[in-house]
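Let's walk through a protein model together, one question at a time. Keep the sequence and the 3D view open as you read.

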Amino acid sequence: MPLSTVLHYDAPWPVFTLDWCKTSGMGAQRIRSGFRLALGSFTEDYRNRISVIGLADERLLLDPSGFEDENYGEGYTQPQDFVVLAEAMHGYPITKVAWEPASTLTQAWKASSTELLTSTGDALRIWEYFADPNSDVKPTSFVGRSTQPPTGRLTQKIALSSSKNPNPTSAPLTSFSWNTIAPALIVTSSIDTTCTVWDISASSAVTQLIAHDREVFDVAWVPGSTDSFVSVGADGSLRAFDLRSLEHSTILYEAHAYRNQSSTPSAGRQSSPLLRISFNPLDPNSIATFHSDSPDIQILDMRNPGRPVLELKGHKAPVQAIGWGSAEGSVLASAGDDNQLLIWDLVNSHISPRQPVRSPGISSSPRPDGSVRSLTDPILSYSSNGEINNLAWSPPMGAMSLPGGITTAPGEWVAIASGRTVKALKV
């Protein structure tokens, strides 16, 4: 019996952000609980929602065309492979949602019976997700739109807004990063040019700083560090900060777009906003980023700031999302307005006939002639029916024993959001 490599879900609202759970959950259904995603909507009103969806049955990991049970396969032309486990009203549009890191499970300040999610929008919100360990989903409920009520609960625990802004309607938050070493720490970015470090165990701000000259679009902790983080923004720069020395920051990368053809160097010189950043989880020196309205992705080395060491040139329209896999340390996923999800291997792909990549995810120092090497051929691609807003990797999954004596191969999955549709793809 063939194994399924694509799982499908249609949400009742446009999905803007999503994240794959980092743990196996609290219930007994360990295979199923590994396939849980948090979703957030982004509509121009105050009716946005945050939800948790999960795999309804382990048999959905098998290709439905191989089922011998006619009743099981009946009506499976447009399956809903996921069902809603919990949902809550969010109000303000959700800019990012994420599950707690696995390290949170050992923290004394967190209830052992719940899992945490975080979202940003008008505030940093911490949510508690409680899954009923005795609940189960009937096998008939995953054909078409499920009418079974959610089996879990999602409740807001705290909401944190800017500590320096007495106005209750503080500037919207654009993104955040959860520290995996000290999971009580979360750093957020805002359109008011600031970044704020929060201690969610104390429900308070640790520090707030002006990070950029214009809006800050994304922020990320340096892997393995509780003191250092980087951010990108509308001023076109990528900057590094250290909580032990906040008097200054380090500009790792800064670029300008010459949008107007002119013989005068200063004419038409405008900042080219950087939208997202993503660290290689196995190499804290390797960062991926991309510019607004650009189809290219820049790979940077923190040890050699100032210029990309590699550019990925495979998209035909602006990129909207990037993310590293965590199994090998050299695989990056990207998605964009060309309806394409591309998977890149920065080690085993042909980059240059004279200068191969030296280590996982990192190319050698910038070339003396000032040129930047490029990679144009991804190892995998997937075409969606519409523009892809976001993506999320699953944690590495081991082999799983399924009904019928079938065993899945270990590996990772990538989930993508395109309009109201969520697809989970086996890599």
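Predicted model: local features only at pLDDT ≥ 70, side-chain atom pairs only at ≥ 80, totals over all residues.

Residues are numbered from 1 along each chain as its sequence is written, and side-chain values use heavy atoms, with hydrogens and water left out.

Q: What is the mean pLDDT of the protein chain, and which strand has the highest mean?
A: Here pLDDT is the predictor's confidence in each residue, from 0 to 100. The chain averages 83, with 79% of its residues at 70 or more. Among its elements, strand β18 (residues 256-258) has the lowest mean, 42. The highest mean, 98, belongs to strand β14 (residues 216-221).

Q: How many helices and strands does the protein chain have?
A: Helices (H or I, at least four residues) and strands (E, at least two) are DSSP runs, numbered from the N terminus. By that count, the chain has 2 helices and 33 strands.

Q: Why is strand β16 described as largely enclosed by the rest of the structure?
A: Buried means under 20% relative accessible area, exposed over 50%, and partly exposed in between (1.4 Å probe, protein chains only). Strand β16 covers residues 237-242. It is largely enclosed because its buried residues number 5 of the 6.

Q: Which residue of β16 stands opposite F229?
A: Two strands pair if DSSP finds at least two bridges between them. Strand β15 (residues 228-233) and β16 pair in the antiparallel sense over 5 bridges. Their hairpin has 3 residues between the strands, and G236 takes a positive phi near 80° there. Opposite F229 stands F241.

Q: Which residue of β17 stands opposite R239?
A: β16 also joins strand β17 (residues 250-254) through 4 bridges, and these two run antiparallel. In β17, the residue opposite R239 is I251.

Q: Is L380 buried, exposed or partly exposed, and what is its relative accessible area?
A: L380 lies in strand β28 (residues 380-383). Together with I379 and V427, L380 forms a nonpolar patch on the surface. L380 is partly exposed, with a relative accessible area of 42%.

How values were computed: Patch = residues over 30% accessible without salt bridge, like charges linked within 9 Å, V, L, I, M, F, W, Y side chains within 5 Å. Areas by Shrake-Rupley, 256 points an atom, 1.4 Å probe, with all protein chains shown as cover. Salt bridge = Lys/Arg side-chain N within 4 Å of Asp/Glu carboxyl O.
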